[in-house]
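Okay, thanks for coming, everyone.

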Amino acid sequence: MGYSKLPCCVLFLCLFISSCIPNRSLADEVENLTAKLFIDASEHSGHPIPQTLFGIFFEEINHAGAGGLWAELVSNRGFEAGGSNVPSNFDPWSIIGDESSVIVSTDRSSCFERNKVALRMEVLCSIRGTNTCPSGGVGIYNPGFWGMNIEQGKSYKVVFYVRSTEAIDISVSFTSSNGLQTLASTNIIASASDVSNWTKMEVLLVAKKTNQNSRLQLTTSKKGVIWFDQVSAMPLDTYKGHGFRNELFQMLADIKPQFVRFPGGCFVEGEWLRNAFRWKASVGPWEERPGHFGDVWKYWTDDGLGYFEFLQLSEDLGALPIWVFNNGISHNDQVDTSSVLPFVQEALDGIEFARGDSSSTWGTLRAAMGHPEPFDLRYVAIGNEDCWKKNYRGNYLKFYDAIKRAYPDIKIISNCDGSARPLNHPADLYDFHVYTSANNLFSMSNQFDHTSRQGPKAFVSEYAVTGKDAGTGSLLAALAEAGFLIGLEKNSDVVQMASYAPLFVNSNDRRWNPDAIVFNSFEAYGTPSYWVQHFFRESSGATFLNATLQKDSSTSLVASAITWKNPEDGQTYIRIKAVNFGSNSVNLQISVGGLDPNSVKLSGSTMTILTSANLMDENSFKEPKKVAPVQIWLEHADKEMSTLLLPHSFTSFDLLKESVSLRITEDDSSLKSSI
């Protein structure tokens, strides 16, 4: 389950002994509030929750992909980040040796047409003679994304292209950040005739030591001129060999997302169209991808994590892909509707790449990349946050009409919010984004209560608590988000999908706070907001039960109930969720009705709690689960029970619906548990 499990006695102690909950005195318990939750669990109660309700939104922000989920270790592998004009800046590559021994620059001699910049290294020293190379040679090194995590016993594939007018003897090594400790190394020796033209070199390095702040070196002590291009280093143990960093992928899989919205966000738009993400530049052999500067979030991406990889990620997660594409609009420039048809064709080509037969123009390329079968692309979004832009409606209609003609089954998502008033254009779904304070978001648990049930469905594709309430991921933010999600669950007859944003942040490049998952080169943790997602991972495809919450107006409490079936054991559960957003404990009386007393009872149940000593508590690399769910067994769960909801807490109960024939005694049905 991913939760910590504690004996039931620990929970009793934590509920009734103040020392278990710091900063909460026994005096606080005197002010306990009361509430009652009546749940109708009859067979025809409630409504089905869409199979797609909860998913994830991946944007290339905070180095989420480059230097994150995408396991490529080399930053600026094609030397293109400095621009097409040469000489150029080839940062973060650095030179080993001084100007008397080596001169490094860029030129436009690459064999790859879409990325012509290559690195030229002129070695002035040699093993013998008056100008002797330093010990270890001269060359270049790449520190990756704030240090490469090289682990003992693991294998890494290093690939690069090389050209020279003379024979070469190059050492390929992983070393410590100062170059003094060698973790893995091999030599490439080739004659002048072997490398007179651009030649691909590939080596496998097995690390003999571990260093979490390593670098890749290419060095030599042989005089001459060598050109390098497209230098890559990838661990072999990525998820299914698909290039995804294992532990980050697993954190996504653990929340069971039903869809993946990608690749943005503002990343799709760009500050200017010339820097927007374009899918055609991100597919095909990685060496041929030109990469681009994401001018919204201010960093270069080699686009190793491209359109194909996003589709593959979705499939690997068992989730539906939702492709967000540019509609001819950026933050600062727009294509006139009369000129937008080339952009429309680009979108149609992208759909063909995903869904087309392997003999189609773009399906052929997908097949050549290793996926002959089509991807299951059912949803596309036309732009991101562009509704108010001058040309959006006109451009949108061009895209909508062309896509519906070619692919009538594809669901199309508009940028315009249709929750308060009808849209003035056709759509299957509409985007709803909200970033706000904790109090505001918690109060929005009723946001869609009065939304029309006619017309397109809502896609809450970006939501989060931000600002001072959030810090870099606080309990306060998570509780507000939990309350909001219960409201979305309740209104899932009109809300089709929802995803938190942003998903990832590399701790070395926080462009946005907070985020769900924080990582560096070798470790990761989930923020409290990430752990909230775990409470809802069984909601998609479940049944939302009719429930009535009776409470005092001063009680900051929201609650709900669903039934869900565990695919692992085939058992059916009633899950009750309650967010106590207030500073007082709440005695909650739970009553589950509508169950046939002659055929089922409740037993074998668990309770899970997310809380902490202080509202602004956060997780960290040092304390990755300071704020994380704790799960305990409920020994005497029943249809009528009383529980104490701690101040500022999120609690869920999974009540197992079990055949009456499994009862041990007739008296069990009358048991009540008071916690």
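Let's start at E385, which sits in the loop between strand 20 (379-382) and helix 8. Quick housekeeping: this is a predicted model, so local features need pLDDT of at least 70 and side-chain atom pairs count only at pLDDT 80 or more, while totals for chains, interfaces and linings use all residues. Numbering runs from 1 along each chain as its sequence is written, and side-chain values use heavy atoms, with hydrogens and water left out. When I say helix or strand, I mean DSSP runs numbered from the N terminus (H or I, at least four residues, for helices; E, at least two, for strands).

So, what is the phi of E385? It's near 50°, a positive value in a residue other than glycine. As a reminder, most residues other than glycine have a negative phi, and most peptide bonds are trans. P92 is in the loop between strand 4 (56-57) and strand 5 (94-96). There's a cis peptide bond from N513 to P514 as well, omega near -10°, and P514 falls in the loop between strand 25 (504-506) and strand 26 (517-519).

Now the helices. Helix 6 (341-355) packs with helix 8 (residues 392-406) at about 35°, axes 10 Å apart. Axes here are lines fitted to C-alpha atoms, for helices over the stretch in contact, and angles run from 0 to 180 degrees between N-to-C directions. The crossing is right-handed, meaning the near helix is turned clockwise from the far one by less than a right angle. Who touches whom, with contact being heavy atoms within 4.5 Å? From helix 6 we have L341, F343, V344, A347, L348 and I351, meeting K398, F399, A402, I403 and A406 in helix 8. That contact splits into 10 nonpolar, no polar and one charged. For the classes, Ala, Val, Leu, Ile, Met, Phe, Trp, Tyr, Cys and Pro are nonpolar, Asp, Glu, Lys and Arg are charged, and the others, Gly among them, are polar.

Helix 6 also packs with helix 5 (residues 307-316), at about 45° with axes 11 Å apart. That makes helix 5 oblique to helix 6 (angles under 35 degrees are roughly parallel, over 145 roughly antiparallel, 65 to 115 roughly perpendicular, and the rest oblique). Y307, F308 and L311 in helix 5 meet G350, I351, F353 and A354 in helix 6.

On a 1 Å grid over the protein atoms alone, a cavity is a set of points where a 1.4 Å probe fits but cannot get out; a pocket is an open set with protein on both sides within 12 Å along at least five of seven lines; and lining residues have an atom within 4 Å of a point. Points join across faces, edges and corners, and volume is the space filled by probe spheres set on them.

The largest pocket is about 650 Å³. Its lining has 26 residues, with W70, G241, H242, W286 and E309 nearest the centre, and divides into 10 nonpolar, nine polar and seven charged. Helix 5 is one of the elements giving at least two residues to that lining.

How many cavities of 30 Å³ or more are there? Seven. Helix 6 comes back here, supplying at least two residues of the second largest cavity's lining, with F343 and A347 among the lining residues.

Definitions and conventions. Contact = heavy atoms within 4.5 Å.
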